[in-house]
Amino acid sequence: MSAPSITNYIVKRPWLKRWMTPLAQWYTDAAGYRRIGLKADDLIPEESEVVQTAIKRLPPQGGLRPCLPYSPRIPGSSPTPFTCSISHTLLPAEEQIKPHEDVEYLSPIIREIEAANKEREDLDHLTVRK
Amino acid sequence: MATAANPTFQYDVSETAGVKVANREVNGATGTLALVAKAGSRYQPFPGFSDALEKFAFKSTAKRSALRITREVELLGGEISSTHSRENVVLRTKFLANDLPYFTELLAEVASQTKFTDHELHEVVSDLLKYQQQAVYSNPEAVAIDAAHGVAFHRGLGSPITPSQSTPYEKYLSGDALAQFAQDAYAKSNVALVATGPNSAEVSKWVGQFFAGLSTGGAASQYKVQPTAASKYFGGEQRIPSKAGNAVVIAFPGSSAFGTAGYKAEASVLAALLGGESSIKYTPGFSLLSKATEGFSQLTVSTKNISYSDAGLFTITLSGAAGQVGTASKNVVDALKKAAAGEVSSEDIKKATALAKFRALESVQTLETGLEATGSGLVHGSKPYQIGEIAQAIEGVSEQQVKEVAKSFLSGKATLVSVGDVHQLPYAEDLGLSA
């Protein structure tokens, strides 16, 4: 799932990071996914074996995102990203995802699985030097 | 401690970095190292914990992934395995003698740094546990022996060695819970290392280096290794319908392991006398049960004294066609009555004594059984196996003692478990046993 990224290049250079951070924050906010109740990790395409495995490994309470259709008659339901999307509406400001709530919940697991896959690959092509 | 009389049987016992180590110098190109932890199904806090702990051995640790461990061991040409019994979880490694430091480090790592991740539990360990259940519960003899322990000892020794498919054990199992159990199970005071090989003297050096970081016991929690309550024999009857086959186990309170207070050499002599399985091909042998069941072609009989650190179970197992098992169990009880009445030739008792002695000594000498027996002796705080004393104890058994122990079986409360086509299998009452 990983796409080419210049994050590491920037993070290693503090002056560049200082310079880029506000820009990145503005960009992420402008992307607008937080306004319909999504987190960055919700945007990861799930049509891959790695992501499917990662979703299975999520702890039970974090495994399901609210997906009930919104209706004032259904108690406990909330306008979800899906309903927001089809009705072309945004959530009220207090219900939008705040920057501090937009944390990685899936990516660490994906990185773990990718590391394990890479290790498997490496060990399969291992040469023994004595 | 290798004396001239028995140069290779004796284990040299020492304590390094707070861990008990027994080693035995054996000439040859390979060595073995086993870790015996007092964490078998008897001591588990909830069902399935010992099984899961056993199956989590050599999985990902803080330093290496499970795959890396497997590949490294493949490259070195060793063998790693883990098993558990009612009293112990045993991690075994076998290797070329030069690789001793690597495998010592590996065992220390497994014991102290296994990660117990939830995804390994769900993706690997719980599947392995299910296969284990299928293997155990499709074998009527195993089911009968397990149920006999349950009837005889209730909790502790009586808890099933592997939870049955209908046991709700999943709700207790989690990575966190197992990690807490492991911290206690692999604590310094709860494990013993048993090594054999040409350079076993180096063992304590490597153990001192790698095992220093082993935990000294987990924090107080519900997942601790359960304290030892002295085993008590109850006895009774249980009938389990099954389509897998037929088995009947007739059990009595037997002898505990050698070196413990409840050791009775005469029980092992009686086990050899009753027997049922011949140690020589193409002949039924001298044993009373093989004679008593000679006419039955679809039947196997065996007698064992299964010994533990503070109790034992003397079991007679019959398995085969339901009708034959039913009829033969009456013959078995008659044979036991004959032994109790002393209607056995002294020559047969001599043969039985010789066989019992051979079995006891062989089980210590054979690596597979000897490793666990030695380690178990160390963690349970009894005397380590001493060849000379076992032989003496068994030789000293008199005809009268064998008769007495058979008599006590018949007068006390028996344990009877029937598995299979219970419509055809006998009740204790039919056999003339009180259960």
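**Notebook: a two-chain predicted model**

I began with Phe116(B), which is buried, with 23 other C-beta atoms within 10 Å; a residue is called buried if 20 or more other C-beta atoms lie within 10 Å of its own, exposed if 12 or fewer, and partly exposed in between, the C-beta atoms being placed from the backbone. Before going on I noted that this is a predicted model, in which local features need pLDDT of at least 70 and side-chain atom pairs count only at pLDDT 80 or more, while totals for chains, interfaces and linings use all residues. Residues are numbered from 1 along each chain as its sequence is written, and chains are lettered from A and ligands numbered from 1 in the order in which they are written.

**Entry 1: positive phi**

I looked up the backbone of Phe116(B) and found phi near 50°, a positive value in a residue other than glycine. Phe116(B) sits in the loop between α3 (100-113) and α4 (118-137) of chain B, where helices (H or I, at least four residues) and strands (E, at least two) are DSSP runs numbered from the N terminus. I kept in mind that most residues other than glycine have a negative phi. Tyr282(B), also not a glycine, has a positive phi of about 60°, and I found Tyr282(B) in the loop between α8 (265-274) and α9 (288-292) of chain B. Is Tyr282(B) buried or exposed? Tyr282(B) is exposed, with 5 other C-beta atoms within 10 Å.

**Entry 2: Gly254(B)**

I then turned to Gly254(B), in the loop between β8 (246-253) and α8 of chain B, and noted that Gly254(B) counts as buried, with 25 C-beta neighbours inside 10 Å. Leaving out residues up to four places away in sequence, Gly254(B) touches Ala267(B), Asn305(B), Ile306(B), Ser307(B), Gly312(B), Leu313(B) and Phe314(B), contact meaning that the C-beta atoms of two residues, placed from the backbone, lie within 7 Å. From C-alpha to C-alpha, Gly254(B) and Thr315(B) are 8.2 Å apart in space, although 61 residues apart in sequence.

**Entry 3: helix packing in chain B**

For the helix pairs I used axes that are lines fitted to C-alpha atoms, for helices over the stretch in contact, with angles from 0 to 180 degrees between N-to-C directions. Helix α11 (residues 346-365) of chain B packs on helix α13 (residues 387-395) of chain B at an angle of about 160°, their axes 9 Å apart. That makes α11(B) roughly antiparallel to α13(B), since angles under 35 degrees count as roughly parallel, over 145 as roughly antiparallel, 65 to 115 as roughly perpendicular and the rest as oblique. I recorded the crossing of α11(B) and α13(B) as right-handed; a crossing is left-handed if the near helix is turned anticlockwise from the far one by less than a right angle, and right-handed if clockwise. The contact draws on Thr353(B), Ala356(B), Lys357(B), Ala360(B), Leu361(B) and Val364(B) of α11(B), and on Ile387(B), Ile390(B), Ala391(B), Ile394(B) and Glu395(B) of α13(B). Its residues divide into eight nonpolar, one polar and two charged, with Ala, Val, Leu, Ile, Met, Phe, Trp, Tyr, Cys and Pro taken as nonpolar, Asp, Glu, Lys and Arg as charged, and the others, Gly among them, as polar.

I next checked α8(B) against α11(B), which pack at an angle of about 115° with their axes 8 Å apart. That makes α8(B) roughly perpendicular to α11(B), and the crossing of α8(B) and α11(B) is right-handed. The contact of α8(B) with α11(B) holds nine nonpolar, two polar and two charged residues.

Helix α10 (residues 322-341) of chain B and helix α14 (residues 399-411) of chain B pack at an angle of about 130°, with their axes 7 Å apart, and α10(B) and α14(B) are therefore oblique to each other.

**Entry 4: chain A and its contact with chain B**

Chain A has six helices and zero strands, and of its 130 residues 6% count as buried. The contact between the chains takes six residues from chain A and six residues from chain B. On the side of chain A that touches chain B, the largest share, four residues, comes from helix α6 (residues 107-124) of chain A. By class, that side of chain A has three nonpolar, no polar and three charged residues.
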